[in-house]
Amino acid sequence: MEPILKIEDLSVSYGAIKALQNVNITVNKGGVVAILGSNGAGKSTLLKTISGLVPLEQGHIIFNGQDISTTSVERITDLGISHTPEGRQIFADLSVYENLKIGAFTVKETQITPDKVYDEVKKRPRIKQLLDQLGDEGETITLTKEETIANNFARVYGLFPVLLERKKQIASTLSGGEMQMLAIGRALMGSPDLLIMDEPSLGLAPMIVQNIFKIIKELNDSGITVLIVEQNALQTLKIADYAYVLKVGKVVNEGKAKDLLNDQSLIDAYLGK
Ligand SMILES: Nc1ncnc2c1ncn2[C@@H]1O[C@H](COP(=O)(O)OP(=O)(O)O)[C@@H](O)[C@H]1O
Ligand SMILES: [Mg+2]
């Protein structure tokens, strides 16, 4: 399988603090890769470095074959990486709709296969005509920027009906689980190929956590590659294909998720409950 993301010999420091040291990580296209580790292991730093928020000291980050080690945040989003930050960081004073709209700020026209076009957009006369003219299977149509945004709204509202019901509601009045859905929805508005998620289950009630993991699995099934950082090791390994364990900035273990799940000594030593 082809890697969508390759992290090579990555080191990151905050002044004298070495947050990541010689980290190597591969994320294959279509997979779910987990980064596990306790507080302070460097998980958030890793994701911030991938999305260009924190500069790297050494090494390379390759996305779809392109070196993005020194690329700007905006350009990285534009290339197809969306980040759901730790603590969600939604705009508290804005409505659900406005928050989602912001997530689409880098969206441009897109080439898309008909199965990825949602009914609301399919109904539009221009799209209907384009779809009628399509010949062979696998052919794509081009959605304008505005149509792409409408299609992404349809996707997000389909995935999270509660966000549609509450689209005019001010974000600060949502529950914790709804805020996480909004954070994920906002990331999806950017049409990502790779979704990087920082502790999506943090601070949520167990039942809501189950639901969030189910949604992540569904997103992955719909074609988005996922790189997820979590302290909730057991739940995460159940939806992941492959995992890396970080400890004070270094990869101390890696393997297929199902092998790590069966390694009780590893779970006890690094991952806790
Ligand atoms: N902005 C920052 N300035 C200085 N040190 C930081 C900063 N952010 C994180 N660190 C330090 O880097 C290390 C890794 O932090 P972080 O990536 O947040 O870990 P995790 O997400 O695994 O809890 C910790 O020692 C943390 O204190
Ligand atoms: Mg963190």
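**Note on the pockets and the ligand site**

1. The second largest pocket has a volume of about 590 Å³. Its lining numbers 22 residues, and Val73, Thr77, His83, Pro85 and Arg186 are the closest to its centre. The model under discussion is a predicted one, and the values in this note should be read accordingly.

2. As to the elements that build this second largest pocket, at least two lining residues come from each of α1 (43-50), α2, β6 (81-84), α3 (96-103) and α8 (176-188). The greatest contribution is that of α2, which gives four residues. Sorted by class, the lining of the second largest pocket holds nine nonpolar, eight polar and five charged residues.

3. The largest pocket has a volume of about 700 Å³. A total of 31 residues line the largest pocket, and those nearest its centre are Thr110, Arg155, Ser191, Pro192 and Asp193. Both domain 1 (1-80 + 192-273) and domain 2 (93-175) are represented in this lining, each with at least three residues.

4. Three elements, α2 (73-79), β7 (110-112) and α6 (145-159), each provide at least two residues of the lining of the largest pocket. Of the contributions to this lining, the largest share is that of α6, with four residues. The class composition of the largest pocket is eight nonpolar, 15 polar and eight charged residues. Helix α2 supplies at least two residues to the largest pocket, and α2 also gives the most to the lining of the second largest pocket.

5. Which residues surround ligand 1? The shell consists of Tyr14, Ile17, Ala19, Ser38, Asn39, Gly40, Ala41, Gly42, Lys43, Ser44 and Thr45. Both β2 (17-28) and α1 supply at least two residues of this shell, and the largest share, three residues, is from α1. Helix α1 also supplies at least two residues of the lining of the second largest pocket. By class, the shell around ligand 1 comprises four nonpolar residues, six polar residues and one charged residue.

6. For Lys43, an N or O atom of the side chain is 2.8 Å from an oxygen atom of ligand 1. In Ser44, a polar side-chain atom lies 2.9 Å from an oxygen atom of the ligand, and in Thr45 the corresponding distance to an oxygen atom of ligand 1 is 2.5 Å. Ligand 1 has 570 Å² of accessible area on its own, of which the protein covers 63%.

Technical notes. Residues numbered from 1 in each chain as written. Chains lettered and ligands numbered in written order. Predicted model: local features only at pLDDT ≥ 70, side-chain atom pairs only at ≥ 80, totals over all residues. Heavy atoms only, no water. 1 Å grid on protein atoms, 1.4 Å probe; cavity = no way out; pocket = protein on both sides within 12 Å on 5 of 7 lines; lining within 4 Å. Points joined across faces, edges and corners; volume = space filled by probe spheres on them. Nonpolar A, V, L, I, M, F, W, Y, C, P; charged D, E, K, R; others polar. Domains from an automatic or database assignment. Near = heavy atom within 4 Å. Polar contact = N/O pair within 3.5 Å; in protein donor to acceptor, adjacent residues only side chain to side chain. Areas by Shrake-Rupley, 256 points an atom, 1.4 Å probe, with all protein chains shown as cover.
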